[in-house]
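Hi,

Here is the structure I promised to pass on.

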Amino acid sequence: MAFSVLLGAFCALQLWEGSSAVTTVFVQKGNDLRLDVQEHVKLEEGDSFKWRFNNSINVVRLFYNNNPIINPTYKGRADVSPQNHSLILKNVQQSDSGDYTAVISGDKEQRVAEYKVIIQDPVSPVDVTVKSVSTSTESCNLTVSCTTQDSHIHSTLRCDNQSCKQEGGERSETTTSGSSLRIYLLNDSIICNHSNQVSWTTDLREIRPLCPIKSVTNGSTATNVWIWIVVFCLLALCVVALVFGLYTAVRKNYQTSRNS
């Protein structure tokens with residue numbers, strides 16, 4: 001009994017010779033899909049070639065020296081290249097997601113291509129929103145939010161007169177629809193990115209206009225300038241007073257010497 005089971009499994013494996021590598025393909029909903037055969041296909045008399053969907057539906061069949069036969073469900077949407085046997089599927093929808101296998105049938109079935117196709121909707125727009133801003137003479141703190149149709153993510157930034165830093169670094173999360181939402185800092189701009197394998201959207205806000213930090217350094221510099229002006233004036237007055245005093249003393253001595 002056990003020998004019979006093993007023999008049946010061995011025969012099944014022999015009937016399904018060919019490539020076992022499955023290639024994953026992501027396609028945006030509404031676009032066209034092209035699946036290539038990964039090796040040369042040569043049909044002999046009595047052979048047939050077919051593209052199968054989910055191992056049960058023949059999308060297209062091609063016989064030796066005959067035109068392809070398209071499944072009525074795919075009429076107007078599916079076609080096969082007579083040169084390289086690639087499958088072309090137009091205007092794909094979510095229902096087209098699944099496993100596609102190219103098979104040559106003859107004395108035995110040989111797989112010559114295998115794909116896992118995933119149809120994705122384009123991601124929704126993303127919006128950067130500034131939730132709060134607190135400013136002092138030395139720094140500015142901002143709380144910003146990235147919002148999509150079905151998700152949002154927050155981050156806090158701290159800026160001074162020199163640069164801005166994002167607390168905790170770049171943040172990201174996976175949305176309920178399976179897309180990726182990221183918020184990060186780049187060149188004094190906060191950027192939100194919403195993406196999946198087939199599309200992406202971005203929004204950004206410049207930080208500096210939102211953080212009018214009053215520069216303490218500039219105020220101190222102005223004060224120092226006034227101090228130096230006052231000191232210079234005082235020194236100038238002292239010099240003038242000294243010169244005038246010397247002039248008066250010399251003149252007095254001169255007059256005394258003349259009178260004597």
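**The sheet and its hairpin**

Strand β17 (residues 189–195) runs antiparallel to β18, and seven bridges join the two. Strands here are DSSP runs (E, at least two residues), as are helices (H or I, at least four), numbered from the N terminus, and two strands pair if DSSP finds at least two bridges between them. Before going on: this is a predicted model, where local features need pLDDT of at least 70 and side-chain atom pairs count only at pLDDT 80 or more, while totals for chains, interfaces and linings use all residues. Residues are numbered from 1 along each chain as its sequence is written, and side-chain values use heavy atoms, with hydrogens and water left out.

Back to the pair: His-194 has Thr-201 of β18 as its bridge partner, and Asn-193 stands opposite Thr-202. A hairpin of four residues takes the chain from β17 to β18.

Both strands belong to an open, antiparallel sheet of four, in the order β15-β16-β17-β18. β15 (171–174) and β18 (200–206) are at the edges with a single partner strand each, so one side of each has no neighbour in the sheet.

**The loop serine**

Ser-199 sits in the loop between β17 and β18. Is it buried or exposed? Ser-199 is buried, at 13% relative accessible area (buried is under 20%, exposed over 50%, partly exposed in between; 1.4 Å probe, protein chains only). A polar atom of its side chain lies 2.9 Å from the backbone nitrogen of Val-123.

**Salt bridges**

How many turn up in the whole structure? The search finds eight salt bridges, each a side-chain nitrogen of Lys or Arg within 4 Å of a carboxyl oxygen of Asp or Glu. Among them is Arg-52 with Glu-109, whose closest N and O atoms are 3.1 Å apart. Arg-52 is in strand β4 (residues 48–53) and Glu-109 in β10 (residues 109–120), so this pair ties together parts 57 residues apart in sequence. Arg-52 is buried, with a relative accessible area of 14%.

Arg-182 is in strand β16 (residues 180–186), and Glu-170 is in the loop between β14 (164–166) and β15, 12 residues apart. Arg-182 is partly exposed at 26%, and Glu-170 is also partly exposed, at 45%.

Cheers

Terms used: Polar contact = N/O pair within 3.5 Å; in protein donor to acceptor, adjacent residues only side chain to side chain.
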